[in-house]
Amino acid sequence: MNAFWFSFMLFLLFGEFQREHAGNVSSRPPVAKIGAIFQYGTAIGRVAKIAIPVAVDDVNSNSSILHGTKLSVTMHDSNGSGFLGMIEAMRYMENDVIAIIGPQSAVVAHSISHVANELKVPLLSFAATDPTLTSLQFPFFVRTTQSDLHQMAAVSEIVDYYGWKDVIAIFVDDDYGRNGVSALNDKLAERRCKISYKVGIPPNSVASRNEIMDLLVKVTLMGSRVIVLHVNAAMGFKVFSVANYLGMMGNGYVWIATDWLSSVLDSDSPLPSATMDAIQGVLVLRQHTVESDRKKAFFSRWHKITGGSPGLNSYGLYAYDSVWVLAYALDAFFNQGGFISFSNDSRIQSLGGSTLHLDAMNIFDGGSLLLNNILQSNFVGLTGPIKFGSDRSLILPAYDIINVIGSGFRRIGYWSNYSGLSTTPPETLYAMPPNRSRASQKLYSVIWPGDTLSTPRGWVFPNNGKQLRIGVPIRVGFKQFVSPEKGTGTFKGFCIDVFTAAVNLLPYAVPYKFIPFGNGRENPSYTELVEKITTGEFDAVVGDISIVKNRTKIVDFTQPFVSSGLVVVAPFKKQNSSAWAFQRPFNPLMWTVTACFFLVVGIVVWILEHRINDEFRGPPNRQVITILWFSFSTMFFAHRENTVSSLGRLVLIIWLFVVLIINSSYTASLTSILTVQRLSSPIQGIETLQENDDPIGFQVGSFAEHYLIEELNISKSRLVPLGSPEAYANALKLGPTKKGGVAALVDERPYVELFLSSHCSFRIIGQEFTKSGWGFAFPRDSPLAVDMSTAILALAENGDLQRIHDKWLQQSSCSSDSTEIESDRLHLSSFWGLFLICGIACFIALLIYFLQIFQLLGKVPPPESASPEPSTHRTGRLQRLLSLMDEKEDPSKSHGKKRKVERSLSDDIELSMRSQSRNIQT
């Protein structure tokens, strides 16, 4: 009994100790205090001010959750001030709140998140979309809406979908605006797009109309016409009003507003007509919420509560769901045995003597457990599935894309990080495999600013008073392509005329100035010239610029206006007719193989005909002469010997066909040799230059040097730089044996054709061994490069490009004879098929013939011999084979039918003769 009372007293003392050293403690208290901080005066705040109490009432009236504990919410207006937000947060901490719904502003969120981290009070923000509010820095900050990281990904995909490359970002200059635009820049960079100009506007709507006008005037001087507006509502409508006044809401402009505008359109519609007129054609993003019966019922209920004003927007739905996230987490907290208890922070207690009463703020002991339960949420709310991913963000982010038209707006599609742009709701696509292919990205048609359906080009040439700095090479030779005009500071030539003609076709003016590049003593390096674009020294490069792989990695080229490629040029000599010209149609191998086949065919026919044809029999010397005569006489189809055997005739027919082809080809080639002037050169093409060690010339500054060294592995010591057509001619005339001479030169075809038009003693050897072209160079992703390409194609189609070519590069009569040198000999490769057929026919005929001989050999009895030795037996068998092949076949065996016919005819003749003699006697 004493032990019982002792235990009871200890329990009472322990309970008193807990009450003295901690705040209120209860397993399931009757009331759980929560706070809410947002801006009452905004479209989001007006909706949240209604949605949060409605959600609290719904939780408190639901008996399946919290089981006796009621939520009590206290709301405060932060006015968008980080300072006031922090003060309100501290006031909450004095009242032992377990969580805070909000804040709405990123500025306020950054401020009070530090307090929440220290006091372990979860913040559930339904409207702070700043992507830098991450769980790494602020573990007790939980975003119950979508991050601007996803919204900017949607904007970047829209920009890429319509083919735009540069955008201008107008943003509010605070945490929300700066960090959102930073995320936009990163997402655009992933798609090779960029923000070309940023305009920051002071926050809190302190910017006057005149200040905004000054900022937008600078925007009009930029080249991009795609403008992303990431501000708050008050500032956004002021920007649109000024833009409309400046004519920036007309044709050619593209405006993309983030979800601040959709919140106003959903909550405050219909807007005044003047406001709607200023935002016609704008694309707007809105956080996507799943359509459901529960959502429709809530909209009906909302209309009854508010009378339709304010209207319910996406942020209001997220605010409602945030209360339920907290309720489910708190219920799990209690089920896990959690207590709502607070303890003093020793660090704050150490600041004694202060009049701020900081010691009134307590640490929520169960904050970490409640936070973990919040992150484990998994239910379906008004907005759709509520579940947090590994990065503590809501899963399946998606946005509606709407187009402002007339007095309202229409949805033109959706964006989700699952499948990109589509006209199908994201929740439908989640049931299918993800498809981010270009063909699957779709949006409905848009009515753009200016009431047009034509997609704007997205840029114009900037009207900022600056001229394009165009680098032009100063050439030493081949000045017909590009050369400076003395005393004028301008350039002339084929490339310059093509450029100016293309610029004149552009639908906008392009101010530019030519800047010479080079010292004028030797051709400059064209690779270095192109690299000047990447350093910003030049805005473009115009001239005879070859489009090669290494250059395309750093700049964009226009459509080629000249086809080009490397060729070999070498000296040549004319081949005159000679007494031995008849040998030239065939090369030595062809002559040898043809002669061998004549002999082979003659021998094969002799073997096939020897036993049965008297014309192929006789003394050995006569048979040799017969073989030679027969075989070579077939060349002229003048053989007198008749073939009797079927196999012999088969071989002869095929051989005569081969002879016919050979004769015809020889005759045609010899005729050409004797009647057409022929050129010859020791260089047969680039392969010859690779095999020998002769010096090779190239043009200074050309990419040919790099190609020969890197691609063909030709030693640099063999390469001789040449700078002008005169240097070309002198080096080729000197030849490879003299100093400064070359065996051949390698250069691009346009230069070579111009060179050969005035130097008739050289020719192109072989074919082009590279394929490329000349184009104008611009910075990567430059829209001007695209428009210039279109203009060059137009020049080619209307014939102006050819007329410019003829003006500068019209070739003289010498160039008409500049046919490429090629071999005129006939090679075995052209006839090996015929020889193969003939050889196969000979082989088959001999095979059949020897099978017949061996068959006869088996029927002939061996002669009697006194020596039974094996060697003697083999020798005797070989002798019988040779004698059988040599002996004449018995006509009675081989022509039995023929002899019967002849005997019958002779008998008939004899009877006829006898009858005639009797008649005479009579």
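1. Helix H19 (residues 588-609) and helix H20 (residues 620-633) have axes that come within 8 Å and cross at roughly 125°, which makes H19 oblique to H20. Axes here are lines fitted to C-alpha atoms, for helices over the stretch in contact, with angles running from 0 to 180 degrees between N-to-C directions; angles under 35 degrees count as roughly parallel, over 145 as roughly antiparallel, 65 to 115 as roughly perpendicular and the rest as oblique. Helices (H or I, at least four residues) and strands (E, at least two) are DSSP runs, numbered from the N terminus.

2. The model is a predicted one, in which local features need pLDDT of at least 70 and side-chain atom pairs count only at pLDDT 80 or more, while totals for chains, interfaces and linings use all residues. Residues are numbered from 1 along each chain as its sequence is written, and side-chain values use heavy atoms, with hydrogens and water left out.

3. In the contact of these two helices (contact means heavy atoms within 4.5 Å), Phe-598, Leu-599, Gly-602, Ile-603, Val-605 and Trp-606 of H19 meet Gln-623, Ile-627, Leu-628, Phe-630, Ser-631 and Phe-632 of H20. By class, the residues of this contact are nine nonpolar, three polar and no charged, where Ala, Val, Leu, Ile, Met, Phe, Trp, Tyr, Cys and Pro count as nonpolar, Asp, Glu, Lys and Arg as charged, and the others, Gly among them, as polar.

4. The axes of H26 and helix H27 (residues 800-809) come within 4 Å and cross at roughly 80°, which makes H26 roughly perpendicular to H27. Leu-795, Ala-796 and Asn-798 in H26 meet Asp-800, Leu-801 and Arg-803 in H27, and the residues of this contact are three nonpolar, one polar and two charged.

5. The largest pocket holds about 850 Å³ of space. Of its 30 lining residues, the closest to its centre are Asp-166, Pro-462, Leu-468, Asp-539 and Pro-779, and the elements that give two or more residues to the lining are strand S7 (194-201), strand S18 (468-473) and helix H26 (783-798). The largest share, three residues, comes from S7, and by class the lining has 14 nonpolar, seven polar and nine charged residues. On a 1 Å grid over the protein atoms alone, a pocket is an open set of points with protein on both sides within 12 Å along at least five of seven lines, whereas a cavity is a set of points where a 1.4 Å probe fits but cannot get out; lining residues have an atom within 4 Å of a point. Grid points are joined across faces, edges and corners, and a volume is the space filled by probe spheres set on the points.

6. How many cavities of 30 Å³ or more are there? The count comes to one, and about 60 Å³ of space lies in the largest cavity. Its lining divides into four nonpolar, four polar and four charged residues, among them Arg-475, Asp-544, Arg-551 and Glu-748.

7. Two cis peptide bonds deserve a look. One joins Gly-102 and Pro-103, with omega about 0°, and Pro-103 has its place in the loop between strand S3 (99-101) and helix H4 (106-119). Another runs from Ser-309 to Pro-310, with omega near 0°, and Pro-310 lies in the loop between helix H11 (293-306) and helix H12 (314-335).

8. Leu-66 has a positive phi of about 70° although it is not a glycine, and this residue is found in the loop between helix H2 (43-60) and strand S2 (70-77).
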